[in-house]
Amino acid sequence: FIALLFTLSASGQVLKLGVEDSWPPFADKDGKGISTSIVKKAFDAVGVKYKISVSPYARVLKETESGKLDACYNVTRQQTTEKVYLFGKSPILKAKASFFFKSGSKHQYKNIEQLPDGTSIAVIRGYEYGNIYEMHKKRLRIFEVNSQEQIINMLISNRVDAGIMFDKVAEYHLREMRKFGQITKSFENHISDIYVAFSRKNKDAKKYADLLDKGISLIKKDGSYDAIFD
């Protein structure tokens with residue numbers, strides 16, 4: 001590990017990282033948030049230099065796949081993403097996502113399997129929502145949008161039947177938009193292990209993934225990981 005760290009540091013390589021602009025409190029419009037703090041702390045702990053750029057999520061994914069970016073983060077590790085990107089062993093965090101409905105909706109659904117064919121659902125373009133969602137999305141009417149605010153407004157205006165949002169992200173936006181009580185969290189969609197996804201175009205991707213794993217382990221041991229959430 002020390003030899004690897006010395007080799008990468010001595011080379012002066014700067015890791016080009018991408019992060020989305022619409023997932024607060026994990027990454028806000030400036031890319032700042034819980035996820036960014038974790039990634040920076042972890043790479044700092046092992047001496048990796050990096051530069052972070054902020055773009056819409058779908059673009060971040062494409063630029064990582066093409067090799068324009070060396071890696072991006074806030075990516076769910078699932079079958080569809082494992083085919084495209086390289087992952088380390090350690091997620092940067094876990095995040096729960098749920099189905100949301102307009103308040104007053106009298107549905108009796110308890111899971112995605114019970115949703116009738118043709119149910120309209122708003123999601124964020126390019127997001128991963130788990131393997132079970134992937135199995136069912138073909139029979140549903142999926143509306144892809146660019147922001148959490150759009151999902152909330154579409155629910156309130158009855159433009160869609162349901163929306164999928166990560167719980168803490170929905171809470172953040174409802175507070176900012178002052179629309180608490182207008183939509184209601186229903187059943188869980190999935191709990192995501194959120195990762196840094198490395199481009200397979202980068203020959204050093206596996207080395208950087210290993211360094212990130214080491215960095216995450218170090219900041220968990222010294223308490224700085226938990227301090228970010230506090």
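User: How many aromatic pairs does a search of the whole structure find?

Analyst: The search finds eleven aromatic pairs. Rings of Phe, Tyr and Trp (its six-membered ring) pair if their centres lie within 6.5 Å; planes under 30 degrees apart count as stacked, over 60 as edge-to-face and the rest as tilted. A pair of aromatic rings is described by the distance of the centres and the angle of the planes. Here, Tyr57 and Tyr127 are edge-to-face, at 4.9 Å centre to centre and 85 degrees between the planes. This pair links distant parts of the chain, 70 residues apart: Tyr57 is in helix 3 (residues 57–66), while Tyr127 is in the loop between strand 6 (120–124) and helix 5 (131–136). Helices (H or I, at least four residues) and strands (E, at least two) are DSSP runs, numbered from the N terminus.

User: Before we go on, what kind of model is this?

Analyst: It is a predicted model, in which local features need pLDDT of at least 70 and side-chain atom pairs count only at pLDDT 80 or more, while totals for chains, interfaces and linings use all residues. Residues are numbered from 1 along each chain as its sequence is written, and side-chain values use heavy atoms, leaving out hydrogens and water.

User: Is Tyr57 buried or exposed?

Analyst: Buried means under 20% relative accessible area, exposed over 50%, and partly exposed in between (1.4 Å probe, protein chains only). Tyr57 has 4%, so it is buried. Tyr127 has 11% relative accessibility, so it counts as buried too. Of the 230 residues of the chain, 47% count as buried.

User: Which residues form one aromatic cluster?

Analyst: Both tyrosines of our pair belong to it: the cluster is formed by Trp23, Phe26, Tyr57, Tyr127, Tyr129, Tyr133 and Phe166.

User: And where is the place of Ser22?

Analyst: Ser22 is in the loop between strand 1 (14–19) and helix 2 (34–45). At 11% relative accessibility, Ser22 counts as buried. Contact means heavy atoms within 4.5 Å. Leaving aside neighbours within four places in sequence, Ser22 is in contact with Ala27, Asp28, Tyr127, Asn146, Ser147 and Gln148.

User: What share of the contacts in the chain join residues at least 24 apart?

Analyst: Among contacts between residues at least 6 apart in sequence, the share is 73%. The chain that holds them has nine helices and nine strands, and its C-alpha atoms fill a box of roughly 60 × 35 × 25 Å, taken along the principal axes.
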